Amino acid sequence: MKRLFFVFCVAGFLLCLCSCSLQKESSDKVQDLEFTVVDNKELPEELLKEIDQKKTGEMKNTFTTEEYLYIVVGYGEQKTSGYSIAVEEFYLGKNAIYINTSLIGPSKDEKVNNAPTYPYIVIKTQKRTEPVVFQ
């Protein structure tokens, strides 16, 4: 009885190891993707409303139209002005689109307003069906 229990435990453990390795997504770059940073006045009205509702917190969102895929990354409320966002990487992997951004704070000699701001970036690319992975 103990031997049979041990065999089932080992088999279950091995099955878990195999299934975990099969589900691992490859983030290896297949190709860089072209994108455009989009100004608010160029955004679909529905997306603009959604951004306005969510901008106070961190935001990672996608929005698709017939032609384009919009990707939104926001960093929530910041205590001053002077923040910007850089797109570090944007590429197609084997099974997904990957995006990596970073928040850049104001420089030490930059004049800032001591009022809350809500930095976010919206990029537009050709419509694709792969899921987006925010890194």
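The protein has two helices and eight strands, where helices (H or I, at least four residues) and strands (E, at least two) are DSSP runs numbered from the N terminus, and along the sequence they follow the pattern α-β-β-α-β-β-β-β-β-β. Please keep in mind that this is a predicted model, in which local features need pLDDT of at least 70 and side-chain atom pairs count only at pLDDT 80 or more, while totals for chains, interfaces and linings use all residues. Residues are numbered from 1 along each chain as its sequence is written, and side-chain values use heavy atoms, with hydrogens and water left out.

Let me turn to the sheet. Four strands form an open sheet in the order S2-S7-S4-S3, with antiparallel pairing; two strands pair if DSSP finds at least two bridges between them. Strand S2 (36-37) and strand S3 (58-64) stand at the edges with a single partner strand each, so one side of each is left without a neighbour in the sheet. Seven bridges hold the antiparallel pair of S3 and S4, the latter spanning residues 68-75, and within it Thr64 stands opposite Leu69. Helix H2 (residues 45-54) packs on this sheet, touching S3, S4 and strand S7 (120-126), and its direction makes about 170° with that of S3; contact here means heavy atoms within 4.5 Å, and the axes are lines fitted to C-alpha atoms, for helices over the stretch in contact, with angles running from 0 to 180 degrees between N-to-C directions.

Next come the other pairings. Strand S5 (residues 84-92) runs antiparallel to strand S6 (residues 97-104), joined by eight bridges, and a hairpin of four residues connects the two. Ile85 has Leu103 in S6 as its bridge partner. S6 is also joined to strand S8 (residues 132-134), this time in parallel, through three bridges, with Tyr98 opposite Val133.

What, then, makes up the largest nonpolar core? It consists of twelve residues, including Leu33, Leu69, Ile71, Ile85, Phe90, Ile99, Ile121 and Val132, a nonpolar core being a set of buried Ala, Val, Leu, Ile, Met, Phe, Trp, Tyr and Cys residues joined through side-chain atoms within 4.5 Å. Buried means under 20% relative accessible area, exposed over 50%, and partly exposed in between, with a 1.4 Å probe and protein chains only. S4, S5, S6 and S7 are the elements that give two or more residues to this core. Apart from it lies another core, of nine residues, among them Ile51, Met59, Val72 and Val122.

Overall, 26% of the 135 residues count as buried.
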